[in-house]
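Dear colleague,

Please find the structure below, followed by a summary of the findings.

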Amino acid sequence: MPLNKQEIDSLLNKTEIVYIATSTPNGDPHLVPIWFIYYKGKIFFETDKITVKFNNIQKRNKIVLCFGGKDTYIVKGSVSWCTEKELGFPRSEE
């Protein structure tokens, strides 16, 4: 059963880790956990340019995210690239 916006917001605001799946050039799946930020209805994450994940996304730009616990949710999509400056996240004072 699909979640409504409030349920999605609640789930993603309390979730710390999501699993991201990509595929390698020969079609093998690549699955890794990542930390992410859920901000203004979008999921943001970063990765080094030297990772398998980055290479896979750059070549095929198709991902699957899996999050949840006892109840698990899967989201299919693609990645939009941006720099940290473009994000406009509020800065936390430490």
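Contact here means heavy atoms within 4.5 Å. Helices (H or I, at least four residues) and strands (E, at least two) are DSSP runs, numbered from the N terminus. This is a predicted model, in which local features need pLDDT of at least 70, side-chain atom pairs count only at pLDDT 80 or more, and totals for chains, interfaces and linings use all residues. Residues are numbered from 1 along each chain as its sequence is written, and side-chain values use heavy atoms, with hydrogens and water left out.

The buried residues of helix H2 are covered by elements that include strands E1 (17-23), E2 (29-35) and E5 (63-68). Buried means under 20% relative accessible area, exposed over 50%, and partly exposed in between (1.4 Å probe, protein chains only). Within H2 (residues 52-60), Lys53, Phe54, Asn56 and Ile57 are buried. Seen down the helix axis, the buried residues of H2 fall within an arc of 165°, so they line one face of the helix; the arc is that of the directions from the axis to the C-beta atoms. Gln58 and Lys59, on the other side of H2, are exposed. Asparagine 61 follows H2 and has a positive phi, near 40°.

Two strands pair if DSSP finds at least two bridges between them. Four strands form an open antiparallel sheet in the order E2-E1-E5-E6. E2 and E6 (72-77) stand at the edges with a single partner strand each, so one side of each is left without a neighbour in the sheet. E1 and E5 run antiparallel and are joined by three bridges; tyrosine 19 stands opposite cysteine 66 in E5.

Kind regards
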